[in-house]
Amino acid sequence: MVTSCQSTSISASAAFSTTISKEDPYIYQVGFGNRFASEAVPGTLPYGQNNPQKCKYNLYAEQINGTAFVAPRNDNQNAWMYRIRPSVVHDGFTPLPSNPDLESNFLPINTKVSISAGQLAWGAPPIPLISIDFIEGIKTMAGSGDSTLRDGLAVHVYSANASMAKKAFVNNDGDMLIVPCNGRLDIQTEFGKLMARPGEIVVIQRGIRFKVCLPDGASCGYIQELFGAHYELPELGPLGANGLANTRDFESPVACFDIDQTPWEGKISFFRVGGTLHLCKQQHTPFDVVAWHGNYVPYKYALEKFVAVGSTTVDHMDPCIFCVLTAKSRIPGTPLADFLIFRPRWDVANKTFRPPYYHRNSASELVGLIYGGYMGRNEFVPGGLNYTPPFSPHGPSADFFKTASESELKPQWIQDGAFMCMFESSMLFSITEYAMKRAGTPREHNPKIWEDLKPSFITNLHEISETLRAAGIKLT
């Protein structure tokens with residue numbers, strides 16, 4: 001007897017994707033590190049293979065590899081694109097004059113970088129007075145290592161007031177984590193389009209072509225660039241499967257292509273290799289990918305979705321609980337770079353000094369403000385940076401210490417309306433000539449804010465002496 005398995009059911013018509021909004025007109029696929037597939041024209045992706053003898057609609061198959069061919073499968077990153085014209089169709093490369101505000105070599109042999117033993121701070125980069133696009137507005141503040149060694153990172157700021165018209169850019173030397181602080185970025189990549197507002201980040205991997213338009217006018221923000229590694233999610237350990245930046249909250253674009261066979265010029269970046277930029281002209285748009293599949297794909301993430309964790313009893317957990325993305329160094333267990341976010345959250349720790357404790361950290365720290373304010377510090381504005389070198393003592397001022405030591409400990413919603421980020425590295429940062437001489441006068445941290453941290457222990461010597469005598473400990 002044959003029975004039917006049919007029943008009344010409702011099936012999804014496609015995999016989940018986001019919906020458009022007033023702020024963001026694009027849709028995205030969701031997940032981190034996924035192998036996605038997307039086609040702007042249905043049926044374009046080849047069936048059962050990557051490189052057919054003849055692609056549908058006479059497209060060209062092209063692969064991009066973000067890792068070595070023989071990288072372990074879990075680490076291997078690549079994508080196949082099916083485009084109107086392959087990337088080899090261009091008019092060649094022309095060297096451009098060097099940009100003194102960009103830096104790629106942070107080794108001691110470079111006389112244009114220096115080491116600071118103390119804390120430094122800068123205001124936000126000014127909005128340009130002349131037309132400057134996103135790429136022209138990038139300025140290097142600090143970094144470590146050297147791009148030619150495929151080891152290290154750089155931290156930049158950007159300030160721009162003009163969209164990139166028929167111009168594309170590719171950074172052949174590092175993954176770029178972009179953090180807008182003011183104004184949205186409308187980013188077109190070979191894989192599709194992303195819109196990033198303040199409060200979101202975008203990662204564009206090495207070798208991927210993109211352009212940036214400014215739908216809200218002038219924009220400024222930060223960029224963290226990795227020379228050797230790729231960004232990963234931090235391990236969750238005893239937190240389990242959920243928390244911090246959840247994988248389903250990362251968003252990658254869907255295929256989108258232009259039909260444009262008129263001249264373009266693109267800045268093909270080798271400036272992280274030997275400090276040079278090159279101009280490449282071609283007679284068609286670089287954004288002509290009709291379909292693609294793979295996992296070497298740009299993505300964005302809304303920082304408001306970060307699931308913050310903290311102590312519900314006493315004391316602080318270490319700042320690594322605020323890590324959104326990390327990148328491995330060549331030293332096992334030690335990150336080359338971490339990107340951390342300090343967002344509005346509850347603080348409920350009991351019998352605890354709740355502000356950041358006094359600290360000497362082995363890492364280099366650059367702290368930025370995305371939006372809002374921080375602890376009443378009017379000089380710390382969105383787009384500004386605060387630098388703390390390794391093992392440099394830091395912590396709250398004397399006044400703040402006194403207030404926090406005496407205040408009533410109730411559950412408190414902290415950093416309301418403020419998002420602060422940190423670019424942290426296990427490597428020592430070198431500070432660029434631009435940061436020291438052309439980014440406005442850097443403010444050295446004023447140690448007088450700690451002068452009133454008096455040795456109050458001494459005022460208790462009588463009580464201490466009695467305690468020692470009671471314990472049978474002789475004073476010497």
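Reply: Let us begin with patches, which are made of residues with over 30% relative accessible area and no salt bridge, like charges being joined within 9 Å and nonpolar side chains (Val, Leu, Ile, Met, Phe, Trp, Tyr) within 5 Å. Accessible areas come from the Shrake-Rupley method with a 1.4 Å probe, and for residues only the protein chains shown count as cover. A salt bridge is a side-chain nitrogen of Lys or Arg within 4 Å of a carboxyl oxygen of Asp or Glu.

Me: OK, and which residues make the nonpolar surface patch?

Reply: Trp346, Val348 and Trp413 make a nonpolar surface patch of about 330 Å². This is a predicted model, in which local features need pLDDT of at least 70 and side-chain atom pairs count only at pLDDT 80 or more, while totals for chains, interfaces and linings use all residues. Residues are numbered from 1 along each chain as its sequence is written, and side-chain values use heavy atoms, with hydrogens and water left out.

Me: Where does valine 348 lie?

Reply: Valine 348 is in the loop between strand S24 (345–347) and strand S25 (364–371), where helices (H or I, at least four residues) and strands (E, at least two) are DSSP runs numbered from the N terminus. Its relative accessibility is 34%, so valine 348 counts as partly exposed; buried means under 20% relative accessible area, exposed over 50%, and partly exposed in between (1.4 Å probe, protein chains only).

Me: Stepping back, how many helices and strands does the chain have?

Reply: The chain has three helices and 30 strands, and 49% of its 476 residues count as buried. Helix H3 (residues 461–470) is hardly covered, with one buried residue among its ten, and just after H3 glycine 472 takes a positive phi of about 75°.

Me: Which residue other than glycine has a positive phi near 55°?

Reply: Arginine 150 has a phi near 55°, and it is found in the loop between strand S8 (138–146) and strand S9 (151–160). Glutamine 415 also has a positive phi, of about 55°, although it is not a glycine, and glutamine 415 lies in the loop between strand S27 (412–414) and strand S28 (419–425). Most residues other than glycine have a negative phi, and most peptide bonds are trans.

Me: And is glutamine 415 buried or exposed?

Reply: Glutamine 415 is buried, because its relative accessible area is 17%, whereas arginine 150 is partly exposed at 28%.

Me: New topic: how many salt bridges does a search of the whole structure find?

Reply: The search finds 25 salt bridges. In one of them the side chains of arginine 83 and aspartate 288 meet at 3.1 Å, N to O. Arginine 83 lies in strand S4 (residues 78–83) and aspartate 288 in the loop between strand S19 (276–282) and strand S20 (289–294), so the pair ties together parts that are 205 residues apart in sequence.

Me: How covered are arginine 83 and aspartate 288?

Reply: Arginine 83 counts as buried at 1% relative accessibility, and aspartate 288 is buried with a relative accessible area of 1%.

Me: Which residues are linked in a network of salt bridges?

Reply: The network links Glu23, Asp24, Arg197, Glu200, Lys300 and Glu304. Within it, the side chains of arginine 197 and glutamate 200 meet in a salt bridge at 4.0 Å, N to O. Arginine 197 is buried, with a relative accessible area of 18%, and glutamate 200 counts as buried at 9%.
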